[in-house]
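Hi,

Here's the structure I promised to pass on. Have a look, and my notes on its cavities and one of its pockets follow below.

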Amino acid sequence: MANKVVCPKVFGDLRRFARCLNTAPVVPPMNFTGNYGSTNVTTPTLQPTDQILADPEKKVINFDDVKELFTGVSTSKLIRSSLTLQMASIESMVDLGVWVMNSKFMYMPIFKEVILGFVKSTFYEHFCAGKDLIEVRKTISKLSNVGLKGMLDYGVEHATENESCDQSMKVFLQTAELAKSLQSSSVSFVVVKITAICTPKLLKRMSDLLRWEQKDPSLNLPWKQKTLPLFAKSSPFYHTLKRPEPLTVDEERDLQLAHDRLEKICKKCLELDVELLIDAEDTAIQPAIDYFAYSAAIKYHKDDHPLIFGTIQAYLKDSKERMIIAKKAAEKIGVPMGFKLVRGAYMSSENELASSLGFKSPIHDSIQQTHNCYNSCAEFMLDEIANGSGAVVLATHNIESGKLAASKAIDLGIRNDSKKLQFAQLYGMAEGLSFGLRNAGFQVSKYLPFGPVEQVMPYLIRRAEENRGLLSTSAFDRQLMRKELIRRFDVATS
């Protein structure tokens, strides 16, 4: 497919514009840790990037050929993406945006209209798939044209009562129907937030009871369904310092309604052969979310392949141990288990809660330890897949983690097993990594939040606050875009 080249006058000051797109240092490389059979994560000695792979001459992901990397991406799209990422990388811009969206000015109709209009034409269009399923269909088509899949995520905030839970369930069902109506190669997952079909208040009550049951197995939870292990020895229990009261009759009723909603979604996805991915939240309510994910995974799967994928957050100190325990327990009862592996997004709130209660943070002490844990978890799952068990979505924006996992998958001979392994990045971010992995022969999906601008804005603000570091490290993408824009400028003016 030929690249679209615009008139030379568009590039009048392109070289000066492009230079500003690369303002942050490249993230340092990290290495896989050794024995994944152990749940202890150690910090390895860093090596130069060209020494990480088993074969130093082998380039699993090629970032040098920017023409090939951005094949199918229009010049106007590259310019818009570069500018948006540049703005998003400025922390003061994020601070201002958060302040404005939470200010009283948003109650003034004219001001609100102007702000939402600006947001829609910049950040919203860059990071979101559209306001409704009609616009999502168009975005999916564009992704499919460049060889990527979509993970459909209804960008709704936490539910507050049963009515909003029911409404969210209906959208999830409609999303599954949309996924099935599109060509089979264009959608990889429908994403479900348990907080959209069960209130966080109830999830907190459930999590407290599940934690206390782990401490005291004599505690009877009459509402508890068959599930997989939810905790490890290293899991934090400071959230529940005293024995919780049992669920009330009303709470048990609401819990059953939440189970019913998830069952309807699972049955629909099984009927349509659309895989379901359940997002993670903070540790205060994550035990209940894992409980929902695992109990549903036991009931609903496709022969030897998982239908439902849970999420493991590698920035948590207990993440690898929990993942291994759950994976092995599922294997024992013949349940195929899939995981999405991420680093995590609740660092500030997790640290603040632990500190306020006088406990150590559940998060690794350094970013390098988080990198090591992520890579170790990825290595474990890739070996499991090579041995015929389980499936994984490696959701990462980290270049070195992508290289390491891709190299490992190639060595194990599982690169082309798209049902067992795929990579994922947020829509509008890590484009270089997405296209590089695609060109290397891997299945790659983009995480696509969608919904009306006003509804999705709280979701985007929360993500912006949680992912400040992620936004500020978009320099590599901007550097690649700069190179391709200059190359196109040279072609257009030669």
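Let's start with the second largest cavity: Q225, H259, L262, E263, S295, A296, K299 and Y300 line it. Two elements give two or more residues to that lining, α9 (249-272) and α10. The space inside is about 50 Å³, and the lining splits into three nonpolar, three polar and two charged residues.

A quick word on provenance: this is a predicted model, where local features need pLDDT of at least 70, side-chain atom pairs count only at pLDDT 80 or more, and totals for chains, interfaces and linings use all residues. Numbering runs from 1 along each chain as its sequence is written, and side-chain values use heavy atoms, with hydrogens and water left out.

On terms, a cavity is a set of points on a 1 Å grid over the protein atoms alone where a 1.4 Å probe fits but cannot get out; a pocket is an open set with protein on both sides within 12 Å along at least five of seven lines; lining residues have an atom within 4 Å of a point. Volume is the space filled by probe spheres set on the points, which are joined across faces, edges and corners. Helices are DSSP runs (H or I, at least four residues), numbered from the N terminus.

The largest cavity holds about 110 Å³. It has 13 lining residues, with P236, T283, P287, D318 and R322 nearest its centre. Helix α10 (residues 286-299) gives the most there, three residues.

The second largest pocket has about 870 Å³ of space and 35 lining residues, K77, R80, E125, K142 and Y427 being nearest its centre. Helix α3 gives the most, with seven residues.

Cheers

How values were computed:
Ala, Val, Leu, Ile, Met, Phe, Trp, Tyr, Cys and Pro count as nonpolar, Asp, Glu, Lys and Arg as charged, and the others, Gly among them, as polar.
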